[in-house]
Amino acid sequence: LSVGIGFGLQAVVNNFVSGLILLLEGSLRVGDYIELQSETGLAGVVREINTRATVVNTNDNVDVVVPNSELVTTRLTNWTLRESIARMRIPFGVAYGSDKEKVKEVAMAAAGDVEYVLNNVPGRRPQLRLYNFGDSALEFHMLLWVSRAGVRRPHRIRCHFLWALETRLLEAGIEIPFPQRD
């Protein structure tokens with residue numbers, strides 16, 4: 001009976017000790033935007049840190065109760081631990097033969113259309129980098145610095161930027177390529 005109770009309490013004690021580690025260590029605070037590298041791929045804002053479990057509110061406004069042992073043992077990305085802003089990297093491609101300066105002008109204008117992007121902060125302005133010569137495209141990375149509110153909405157930033165970029169590329173007559181196979 002004692003052995004059975006011991007095995008039964010093992011998970012509870014593990015979560016309790018992990019909760020104490022989280023509370024004392026300070027690597028996770030209420031209000032932080034986190035992303036778990038587990039099979040669930042959970043991302044959201046920490047609402048509560050308790051001794052047994054932590055409550056994370058996802059971007060879909062769903063509260064998920066995560067055992068503290070998972071937060072301690074799984075790789076955890078805390079987007080807002082030390083800094084209130086973060087840089088996002090959004091890849092895209094254009095057809096070979098496109099004017100790179102025109103692409104840069106269009107991408108910068110699209111970045112200006114996106115809420116939460118820091119466009120006028122010295123050292124934190126959007127940047128466009130030619131990343132690779134792909135099979136069917138010139139591949140670029142758009143680097144966007146976003147505010148704390150934007151850090152909590154990474155998919156929204158990406159979607160809004162790509163929407164604005166596609167609109168502006170069409171207006172400028174710049175082609176978005178597709179794989180061409182023979």
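Predicted model: local features only at pLDDT ≥ 70, side-chain atom pairs only at ≥ 80, totals over all residues.
# Strand pairing and nonpolar cores

Strand 1 (residues 33-36) and strand 2 run antiparallel and are joined by 3 bridges.

**The hairpin of strands 1 and 2**

- Within this pairing, Ile-34 has Gly-44 of strand 2 as its bridge partner.
- The two strands form a hairpin in which 6 residues lie between strand 1 and strand 2, and Gly-41, in the turn, has a positive phi of about 65°.

**Strand 2 and its pairing with strand 3**

- Strand 2 (residues 43-49) is mostly covered, with 5 of its 7 residues buried.
- Strand 2 also pairs with strand 3 (residues 53-58), again in the antiparallel sense, and this pairing extends over 5 bridges.
- One of the pairs that can be located in the structure is Val-45, whose bridge partner in strand 3 is Asn-57.
- Strand 2 and strand 3 likewise form a hairpin, here with 3 residues between them.

- An open sheet is formed by 5 strands in the order 4-3-2-1-5, with antiparallel pairing.
- Strand 4 (63-67) and strand 5 (76-78) stand at the edges of the sheet, and because each has a single partner strand, one side of each is left without a neighbour in the sheet.
- From one strand to the next, the twist averages 40°.

**The nonpolar cores**

- The largest nonpolar core has 25 residues, of which Phe-92, Val-94, Met-142, Leu-144, Phe-161 and Leu-165 touch the most other members.
- The elements contributing two or more residues to this core are strand 6 (86-94), helix 3 (100-112), strand 8 (138-146) and helix 5 (154-172).
- When its neighbours within four places in sequence are left aside, Phe-92 is in contact with Val-103, Ala-107, Leu-128, Leu-138, Glu-139, Phe-140, Met-142, Phe-161 and Leu-165.

Methods
Residues numbered from 1 in each chain as written. Heavy atoms only, no water. Core = buried A, V, L, I, M, F, W, Y, C linked by side-chain atoms within 4.5 Å. Buried < 20%, exposed > 50% of the residue type's maximum accessible area, 1.4 Å probe, protein only. Helix = DSSP H or I, 4+ residues; strand = E, 2+ residues; numbered from the N terminus. Contact = heavy atoms within 4.5 Å. Pairing = 2+ DSSP bridges. Axes fitted to C-alpha atoms, helices over the stretch in contact; angles between N-to-C directions.
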